[in-house]
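Q: Please take a close look at one part of this model. I would like its aromatic contacts explained, with some charged neighbours.

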Amino acid sequence: MRFSFSRVAGPIMLLSLFAAGALAHGVAEGDAQFMQQSSGTQLLPFIYLGAKHMATGYDHLLFLVGVIFFLYRMKDVGLYVSLFAVGHSVTLLYGVLSGTHVNPYLVDAIIGLSVVYKALDNLGAFKVWFGVQPDTRAAVLIFGLFHGFGLATKLQDFALPEEGLVANIIAFNVGVEIGQILALGAILIAMDAWRRSHAFARQAFGANVLLMVAGFVLVGYQLTGYLIES
């Protein structure tokens, strides 16, 4: 039986997205307890926790899939992923260390929109609808800022010890970027194998439609949470 990405992409994305309702930007209870009880600088544990977060950050991964979907040169992949990492890092560090708080539901809804945006961009929708092509580099950087704030809002819920806080949060962010590189490597290997198949051209459209649907589901989930909490 020939492997058909289009048959499994939808279920995988939607299952990941429903899991994201519980895990996106979330920190496991045991990890949260460790972070709140840690005293002084704990670089390696915080690097591990940051990498673990990225491995379960389904919304991050969906966005990254959209970003690299039609990028074939490693130079371009490196550029766009670096822009995302810069944006993510700036607001994660700023949000936690400055105490700047934003509503987590609204931030995560915008993160869902980032997935929708990239899927529409991949489908060429903006060029058809508006006759212009937005600057994708600027969009990736800006959405990276929102992704960073998404995690910052969760970390702000914890009573993190002041001693070693700056070093630990920087280590956590380093871990997030390490996790992103590892996840990106796995995604690129899978994408490369898929692109080599004859089915890629006809399946790419459907995959991006599914990616867009996944983003809309995440937006709806977060806005529902916001309305319930309000």
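A: What follows covers ring pairs, then charged side chains.

This is a predicted model, in which local features need pLDDT of at least 70, side-chain atom pairs count only at pLDDT 80 or more, and totals for chains, interfaces and linings use all residues. Residues are numbered from 1 along each chain as its sequence is written, and side-chain values use heavy atoms, with hydrogens and water left out.

The whole structure has 11 aromatic pairs. Rings of Phe, Tyr and Trp (its six-membered ring) pair if their centres lie within 6.5 Å; planes under 30 degrees apart are stacked, over 60 edge-to-face, the rest tilted. Phenylalanine 69 and phenylalanine 70 pair edge-to-face, at 4.9 Å centre to centre and 75° between the planes. Phenylalanine 69 is buried at 2% relative accessible area (buried is under 20%, exposed over 50%, partly exposed in between; 1.4 Å probe, protein chains only). Phenylalanine 70 is partly exposed, at 36%.

Phenylalanine 69 also pairs with phenylalanine 200: the centres are 5.8 Å apart and the planes at 25°, so this pair is stacked. Phenylalanine 69 sits in the loop between α4 (58-68) and α5 (74-98), and phenylalanine 200 in helix α10 (residues 200-229), so the pair ties together parts 131 residues apart in sequence. Helices here are DSSP runs (H or I, at least four residues), numbered from the N terminus.

Now the charges. Arginine 195 lies over the face of tyrosine 72, 4.5 Å from the ring centre (the cut-offs: NZ of Lys or CZ of Arg within 6 Å of the ring centre and within 35 degrees of the ring normal). Arginine 73 and aspartate 76 form a salt bridge at 3.1 Å, N to O (a side-chain nitrogen of Lys or Arg within 4 Å of a carboxyl oxygen of Asp or Glu). Arginine 73 is exposed, at 52% relative accessibility.

How values were computed: Helices (H or I, at least four residues) and strands (E, at least two) are DSSP runs, numbered from the N terminus.
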